[in-house]
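This briefing goes through one protein structure by topic. Please look at the sequence and the model first.

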Amino acid sequence: MKKIICKVEYDTENSELILKSTFGQFGDKDGYEESLYVTKDGKYFLYVNGGEESKYNKENITRMSKEKANEWLENNK
């Protein structure tokens with residue numbers, strides 16, 4: 001997935017996956033995944049996607065500061 005935020009492109013295909021967390025089983029209506037990425041320029045973002053009844057009922061990308069990315073990593077180990 002690609003998304004432009006504040007004139008910066010965030011692309012899951014061209015970024016490094018740091019950690020992926022999955023909640024529920026594949027196909028669960030309330031299941032979802034969160035994946036933390038870093039771009040080649042050192043910008044962090046969270047890719048999310050989930051079932052129709054999950055908190056992420058459509059895929060999205062949200063940019064994150066390095067501090068927030070580290071906090072997310074600590075909470076998802």
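The model is predicted, and the protein chain has an average pLDDT of 94. Its four-stranded open sheet runs in the order β3-β4-β5-β6 with antiparallel pairing, while β1 and β2 form a hairpin.

**Confidence**

- In the protein chain, 100% of the residues score a pLDDT of at least 70.
- Confidence is lowest in β1, where the mean is 94, and highest in β6, where the mean is 97.

**The four-stranded sheet**

- The order of the strands is β3-β4-β5-β6, and the sheet is open. Its edges are β3, residues 16–23, and β6, residues 60–64, each of which pairs on one side only. From one strand to the next, the twist averages 20°.
- Seven bridges hold the antiparallel pairing of β4 and β5. Tyr32 has Gly50 in β5 as its bridge partner.
- Strand β5 covers residues 44–50 and pairs with β6 over five bridges, also in the antiparallel sense. Leu46 has Thr62 in β6 as its bridge partner, and Val48 stands opposite Asn60 in β6.
- Side chains in a regular strand alternate between the two faces of the sheet.
- Is β5 largely enclosed or open? Strand β5 is largely enclosed by the rest of the structure, because five of its seven residues are buried. Buried here means a relative accessible area under 20%.

**The hairpins**

- β1 and β2 run antiparallel and are joined by four bridges. In this pair, Ile5 has Val8 in β2 as its bridge partner.
- Two residues lie between β1 and β2 in their hairpin. β1 spans 2–5 and β2 spans 8–11, with Cys6 in the loop between them; Lys7 is found in that loop as well.
- The hairpin of β4 and β5 has five residues between its strands, and Gly42 in the turn has a positive phi of about 85°.

**Loop residues**

- Cys6 is not a glycine, yet its phi is positive, at about 50°. With a relative accessible area of 54%, Cys6 is exposed, because the cut-off for exposed is over 50%.
- Lys7 also has a positive phi, of about 70°, without being a glycine. Its relative accessible area is 83%, so Lys7 is exposed.
- Lys58 sits in the loop between β5 and β6. Its relative accessibility is 63%, so Lys58 counts as exposed.
- Lys58 and Tyr32 are 26 residues apart along the chain, and 9.7 Å separates their C-alpha atoms.

**The largest pocket**

- The largest pocket holds about 230 Å³ of space.
- How many residues line the largest pocket, and which lie nearest its centre? The lining has 13 residues, and those nearest the centre are Phe26, Gly27, Gly31, Tyr32 and Glu33.
- At least two lining residues come from each of β3, β4 (32–38) and β5.
- By class, the lining of the largest pocket has three nonpolar, eight polar and two charged residues. Gly is counted among the polar residues in this division.

Notes. Residues numbered from 1 in each chain as written. Predicted model: local features only at pLDDT ≥ 70, side-chain atom pairs only at ≥ 80, totals over all residues. Heavy atoms only, no water. Pairing = 2+ DSSP bridges. Axes fitted to C-alpha atoms, helices over the stretch in contact; angles between N-to-C directions. Buried < 20%, exposed > 50% of the residue type's maximum accessible area, 1.4 Å probe, protein only. 1 Å grid on protein atoms, 1.4 Å probe; cavity = no way out; pocket = protein on both sides within 12 Å on 5 of 7 lines; lining within 4 Å. Points joined across faces, edges and corners; volume = space filled by probe spheres on them. pLDDT = per-residue confidence, 0-100.
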